[in-house]
Amino acid sequence: MLEVLHHPLITHKLTQMRQNSTTTKDFRENLDEIAELMAYEVCRDLPTRPIEIETPVSKCIGYELSKEVVIVPILRAGIGLLDGIRRLVPTAKVGFIGMYRDEETLEPVEYFAKFPNDLEHSIVMIVDPMLATGGSANDAINQIKKRGAKNIKLVCLVGAPEGVQLIQKNHPDVDVYLAALDERLNEHGYIVPGLGDAGDRIFGTK
Ligand code: PRP
Ligand code: URA
């Protein structure tokens, strides 16, 4: 399943992020706000269970989240989405997977992985602003499935058709959420029009 989350606030903030003139501070703040808005939609189908509670007036049945949520940012750039999602799901656990894309081959290179226990019964949200060739997200999903995860959502800001197709071919069970589906990749593997190098723009490197 692919869902592109069209919303005027998301579109407005993403347009600010895309602009070359946007400062690191504004880039990061807009990303953080979009993450929160996306989380609201991405969490729409989280399962709940009934619990008996007592209000100041009477007893009644309320509902609480019934499954653990685990957020897994793909380092570095995925960290930019973490706080916004955690504001909405403060009980979420956090795992990390470190990967960078070799600039020559465009293949992902993994350098770190640390996950909470019991991925098997959790809802795992892999987060990364960019889904370009899809190589990084594809490898991250493989690593997480190897550890038993069965319910995986991939949350990215901007996707290219090439990346979406790779994930849909290799992982048809993974739900993919984007704020925008862009036109294509250029010869350097950058998303067009995209927003440039997300990690560099978040962390002020380059
Ligand atoms: C970027 C981005 C994704 C990856 C997407 O990370 O944050 O992880 O590229 O490209 P792909 O879909 O072709 O794999 P990058 O390798 O620049 O590392 P960084 O987050 O450390 O900057
Ligand atoms: N990684 C980025 O940060 N941006 C792109 O456009 C492609 C990969």
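## A backbone contact to ligand 2

A backbone N or O atom of Gly196 sits 2.8 Å from a nitrogen atom of ligand 2. This structure is a predicted model. Ile191 also uses a backbone N or O atom, which lies 2.8 Å from an oxygen atom of ligand 2. Ala198 brings a polar backbone atom to 2.9 Å from an oxygen atom of ligand 2. Taken alone, ligand 2 exposes 240 Å², and the protein buries 88% of that.

## Around ligand 2

The residues around ligand 2 include Arg101, Met130, Ala132, Tyr190 and Asp197. By class, this shell has 5 nonpolar, 2 polar and 2 charged residues. Ligand 2 takes up the space of the largest pocket.

## Contacts to ligand 1

Thr133 reaches ligand 1 with its side chain. A polar atom there lies 2.5 Å from an oxygen atom of the ligand. A backbone N or O atom of Ala132 is 2.9 Å from an oxygen atom of ligand 1, and one of Ala77 is 3.0 Å from an oxygen atom of ligand 1. Taken alone, ligand 1 exposes 500 Å², of which the protein buries 90%.

## Around ligand 1

Ligand 1 sits in the largest pocket.

In total, 16 residues surround ligand 1. The closest are Arg101, Asp128, Thr133, Gly134 and Ser136. The shell divides into 7 nonpolar, 5 polar and 4 charged residues. Arg101 is found around ligand 1 and around ligand 2.

Key:
Residues are numbered from 1 along each chain as its sequence is written. Chains are lettered from A and ligands numbered from 1 in the order in which they are written. This is a predicted model: local features need pLDDT of at least 70, side-chain atom pairs count only at pLDDT 80 or more; totals for chains, interfaces and linings use all residues. Side-chain values use heavy atoms; hydrogens and water are left out. A residue is near a molecule or strand if one of its heavy atoms lies within 4 Å of it. A polar contact is a pair of N or O atoms within 3.5 Å; within protein, one must be able to donate a hydrogen and the other to accept it, and residues adjacent in sequence count only if both atoms are side-chain atoms. Accessible areas come from the Shrake-Rupley method with a 1.4 Å probe; for residues, only the protein chains shown count as cover. On a 1 Å grid over the protein atoms alone, a cavity is a set of points where a 1.4 Å probe fits but cannot get out, and a pocket is an open set with protein on both sides within 12 Å along at least five of seven lines; lining residues have an atom within 4 Å of a point. A molecule sits in a cavity or pocket if more than half of its atoms lie within 2 Å of its grid points. Ala, Val, Leu, Ile, Met, Phe, Trp, Tyr, Cys and Pro count as nonpolar, Asp, Glu, Lys and Arg as charged, and the others, Gly among them, as polar.
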